[in-house]
Structures are given as structure tokens and as C-alpha cells.
Amino acid sequence: DDKSILVTGGTGSCGTAFVRRLLDDHSPRRVVVLSRDEQKHHRMAREIPDPRLRFFVGDVRDRDRLLRAFRGVDIVVHAAAMKHVHISEYNPIEAIRTNVDGAANVADAALDRGVGRVVALSTDKAVSPLNLYGATKLCMEKLLVASNSSAGDGGTRFDLVRYGNVVGSEGSVVPLFLEQRRRERLTVTDPAMTRFWIGMNRAVDLVLLARSDGLGGEIFVPKLPACSVATLAEAIAPGVPVETIGIRPGEKIHESMITEDESRLLVEYEQYFVLRPNVSNWAIPARTGGTRPEEAFEYSSDITYQLDAEETRGLLKDLDFDV
């Protein structure tokens, strides 16, 4: 309330959902939407005609533009990224320039403009990355955690969220399966592939939690269910023929959100985990509450709770998908 909030990638799926939540449930002084896509700016301005909104065309690759945009901003939510695994594999330098160089620019601009809080969006693909997209997001995590050292005590605080596939976001397999169902033929990469699933509202909740409870350099990880691609296909299009086309370059069969090596830094709560920073060159307060998980704990999509087809269908219905 009464804060100036800027969202990079604010016209994307997660950015738009976060902006809507801010405007609906809070009383921000202004919300700055930063994105390089003028068409999405135009469409969003028509769909959300709120006088508190400011639309700022810019790219996280452009540090000078960020310095201009961050003037007078209290909170930054960094959602801008190249997100498609196969596109990043084919265009690696472009993914690096946006996801790594862009994150460094966000950190520098936030430090130089005295932004109070930065919360950045990461992904399970950053954990033991196999593909370039995951590697760039791991670099982003490391950059922003380390930026707390540059801020020192009482300066800008940087925290992150790390979660799995957002149901229905741009590029999600759920809209693809719904479209393929109409043509009575589904294509799956590998039926045994498992993925974590999170609804958009829960993803926004996690960002708000990191903003309110993050102590600097922490990564918030929600407890999520998973299901196999075969189960998802059965939930969306029961009885429809399925063709297996093989995994794409850079894809994993299962995703991890916390590795065994990271578990020594972990604090567990009822609905989420918090990863403490590995190296702290700033005064980070002690974290109260929570418990330490068992030794050699690991959190991956093949060992978390597995939804069956009916549970998956129920999840999709709760999220207003026509299944």
C-alpha cells in the first residue's frame, strides 16, 4: 500500500497476474509495467484501465533505460525472461543477454536508485540445469543473492522465488493439449515425464510472501504436487489417441526444486521451503520458526505427491480450465 512498484516483464503471464493482484487487493501509489513489447502494452492498457498504471517500454538489457524507469520505485518484481527451453537452446546468446545480463542490469539499477526490495522469479530448471535456460536462471539466482553484499546493511534487499510449471501460462502444455483435443490427437514428449504444477494465484502468493518475509538472499520454494505427462493427457483428453514424439533438446524427464546438497541450507514451513544464502557477506537476520528437514533431503517431481488423472482434472477445473 502507498508504494511505487515496478514489474519487469509486466505484460507477460505472471507479470500481468501480479499487476492485477496489486490493483485488486492493495492500494499502491503506482504500478509501473516495464516490457519491450508495445503491442502487449497497448492491449493491457485497454484491458486494465486503471489510473495507477504506468506503461514503460523498455528492455532489461538496457541498463540506462532501467535507471530511468527505477527512479522513485520502492519495490521491483523481476519477471522478465526468455523462458522457452528449445528457443534458448537455439539462440543461446539471446537467452544470456536477457536472463543473465538483464538480471545484472536490474540489480545494478536497483542498487543505484535505492530501491528497497527486489523479488525475482526463478524456476525448477535452475536446479542442476541440463539446458541453457536453466543455466541462465541459475546465474540469475547467484547474481541477485550476491547483490545483497553490494547493498550492505540497510540497503536494497534481494530475494527470489523458485517454482515449477505455471498452469496455463504462455507456452504451457495445458492450452496445447486443449487445442489438440479438438483435433482428436495429442502429442506428448515422453509419457513418463513428470512436472511440478502451480496455479497462477499461488505463484503470485509466493512472490508476495517473499516480499514480506524475505530476509535477503533467500529463495522461497512452494510445496507442490506433480503428475506425469501421460496423467495430464488423460485428465484433459480421456480416450483421445496420444502420439509420443520424444523429448526436445535440453528437456529432463524429471525436474528438481531442491537438491540434496542444498538441503543443508533449508528451512521448512507448512506450505513452503526457504533456502538460506550459502555465503553471506551482509548482516542477514536469523530466521525464526520452521524446521530443518531430514539429512540428505531432496525435492523432485518424481518423488513429491503424484496427482492421478481425476485429481489433475480437479486442479484444472479449479483453475477454470474446460476439462
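Predicted model: local features only at pLDDT ≥ 70, side-chain atom pairs only at ≥ 80, totals over all residues.
**View 1. Phe196, Phe273, Phe297 and Tyr299 are joined into a cluster by ring pairs.** A search of the whole structure turns up 6 aromatic pairs. One of them brings phenylalanine 273 and tyrosine 299 together in a tilted arrangement, with 5.3 Å centre to centre and 55 degrees between the planes. Phenylalanine 273 belongs to strand 15 (residues 272–275) and tyrosine 299 to strand 16 (residues 299–300), so this pair ties together parts that are 26 residues apart in sequence.

**View 2. Phenylalanine 297 and tyrosine 299 form a stacked aromatic pair.** Here the rings are 6.4 Å centre to centre, with 25 degrees between the planes. Phenylalanine 297 is buried, and tyrosine 299 is buried too.

**View 3. The charged end of lysine 223 sits over the ring of phenylalanine 273.** Look for the charged end of lysine 223 at 5.1 Å from the ring centre. Phenylalanine 273 itself is buried, and its ring also takes part in the tilted pair with tyrosine 299.

**View 4. Helix 5 (residues 92–113) packs with helix 6 (residues 132–151).** Their axes are 9 Å apart and meet at an angle of about 15 degrees; the two helices are therefore roughly parallel to each other. The crossing of helix 5 past helix 6 is right-handed.

**View 5. Residues of helix 5 meet residues of helix 6.** On the helix 5 side, the contacting residues include Pro92, Ile96, Val100, Ala104 and Leu111. Across from them, helix 6 contributes residues including Leu132, Tyr133, Met140, Leu144 and Ala151. Asn99 in helix 5 and Lys137 in helix 6 are also among the residues in this contact.

Technical notes:
Residues numbered from 1 in each chain as written. Heavy atoms only, no water. Phe/Tyr/Trp six-rings, centres within 6.5 Å; stacked < 30°, edge-to-face > 60°. Helix = DSSP H or I, 4+ residues; strand = E, 2+ residues; numbered from the N terminus. Buried < 20%, exposed > 50% of the residue type's maximum accessible area, 1.4 Å probe, protein only. Lys NZ or Arg CZ within 6 Å of the ring centre and 35° of its normal. Axes fitted to C-alpha atoms, helices over the stretch in contact; angles between N-to-C directions. Parallel < 35°, antiparallel > 145°, perpendicular 65-115°, else oblique. Left-handed = near helix turned anticlockwise from the far one by under 90°. Contact = heavy atoms within 4.5 Å.
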